[in-house]
Amino acid sequence: MLERSSNRPDDGKTLSHTLAHGGLAVTLQSQADARSELIGAAPTDDETNRKNMALLIQLRWTAVVGQVVTIGAVHFGLGIPLPLERMGAVIGALVLLNVTSLIWVRHRAAITNNELLVALMLDVAALTAQLYLSGGATNPFTSLFLLQVTLGAVLLDARSTWSLVALTCASFVWLTLAYRPLDLPPNPLSETYTLTVAGMLLGFVLNAVLLVVFVTRINRNLRERDAHLAALRQHAAEQDHIVRMGLLASGAAHELGTPLASLSVILSDWRRMPDLAADQELAEDLSEMETSLQRCKSIVTGILVSAGEARGEGSSPTTVTAFVTALVDEWRDARSARTLYFVNTFGADVAIVSDIALKQVIFNVLDNAYEVSRDWVELVAEREGDNLVLSISDRGPGFAPEMLAQLGKPYHSSKGRAGGGLGLFLVVNVVRKLGGTVTAENHRKRGATVRLTLPLATLAIGGEF
């Protein structure tokens, strides 16, 4: 905490240097928060790869069912003999691979691009083995190689995709040279040609349906990832605004420290002057000026404490009811306002830590409500499950629709001032740091309500309540 005397000119330098350190703390903390949020983008790719691996496992199950049906139809329905034991072994290997993959994915922290490549290569190997046992390149289902290549182009990076292309091309070339010929029953050429065309048609339909189904799901996963990354970038941009404001506060501390100390010394000297002390009216004005000056110093000190100190340093244990009641009394006294109505329906009290940053946040919302509704402002404290909900209502003009859509975004203000909108921006960010949310809504006739929802676990002493 600051230790200063109103009669010492060095107070300005002390206050300025201390606030400079506080501004630096805000800057470093905000930069660290921004970095941590951007680092959180990495798990986003991991989660997307995990979803895509799950889709590949589903596709493999589809392949297992499709192969069983096709082999049964060809062997028993069309009378074309197939090596059921060896083809069944390949299907059994696919089933074992899928079961192993399911267990592996559950215990795997992250899924990489190379692991997706290996999964697709194993699928290509299984398809090659089945085609080798059923006619090689003459089998119309060789078109399913394109399904693997397309999935690789969507899921993998460029180098891995080309590796998969090389594998499928090599497999196709090998199937033209080495394969087990099909023992087709004696049929006229026209019927054999019809059978080949039917197989090509079935392969085309399978390719088209599977591509639409699985590529659509993969694109949905990628869109979700991109949306999450966009939200992280937005959060990083908001953190950058906080960094700039921290630097601005540091510079303002240097500029305000000396004038505040000088004013304090001058007022102290004036109070000791006989001519001024004899004038009762002037003495009251000087007293009011000193009170206002001390108010300015306490505001600057509060900014320092909330910006430069970790939560818990300079905080004190209290309860929800005591915290909100003291907050309401302090706000009323500081603004000489008696039109704030406080309603407490929280219920059984809970021990919490008095958080200076949270108090300033609530002050900010109350100030905004009081500015547009001088005759009536209401603060309601209530409990919803494990959350403390503070609702601040007014009878002002309410929020414009575009303001509600951009709630908490910097430089979006209904007051028409350049650089406005930072108040709610800071409110949203502080509440979000505490794990809560901020919502706003307009009343049907007149006025608006801002709701601060705060998890009691983040406010309670030791995280227990």
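Start by selecting W174: this is a predicted model, and in it W174 has 42% relative accessibility, so it counts as partly exposed.

Keep both on screen and look at their rings. By the rule used here, there are two aromatic pairs, and Y132 with W174 is a stacked one: the centres are 5.2 Å apart, with 20° between the planes. This pair bridges distant parts of the chain, since Y132 belongs to helix α4 and W174 to helix α6, 42 residues apart.

How do their axes run?

Zoom in on where they touch. On the α4 side you'll find, among them, L117, L120, M121 and V124, while α6 brings residues including L164, L167 and L175. The residues of this contact split into ten nonpolar, seven polar and no charged.

Now jump to W331 and Y370, an edge-to-face aromatic pair with 5.4 Å centre to centre and 90° between the planes. W331 is in helix α10 (residues 320-335) and Y370 in helix α11 (residues 356-372), 39 residues apart, so to speak a link between distant parts of the chain. Buried or exposed? Both W331 and Y370 are buried.

Last stop: select R395 and W376. The charged end of R395 sits over the ring of W376, 4.3 Å from the ring's centre.

Methods
Residues are numbered from 1 along each chain as its sequence is written. This is a predicted model: local features need pLDDT of at least 70, side-chain atom pairs count only at pLDDT 80 or more; totals for chains, interfaces and linings use all residues. Side-chain values use heavy atoms; hydrogens and water are left out. Contact means heavy atoms within 4.5 Å. Helices (H or I, at least four residues) and strands (E, at least two) are DSSP runs, numbered from the N terminus. Ala, Val, Leu, Ile, Met, Phe, Trp, Tyr, Cys and Pro count as nonpolar, Asp, Glu, Lys and Arg as charged, and the others, Gly among them, as polar. Rings of Phe, Tyr and Trp (its six-membered ring) pair if their centres lie within 6.5 Å; planes under 30 degrees apart count as stacked, over 60 as edge-to-face and the rest as tilted. Buried means under 20% relative accessible area, exposed over 50%, partly exposed in between (1.4 Å probe, protein chains only). A charge sits over a ring if NZ of Lys or CZ of Arg is within 6 Å of the ring centre and within 35 degrees of the ring normal.
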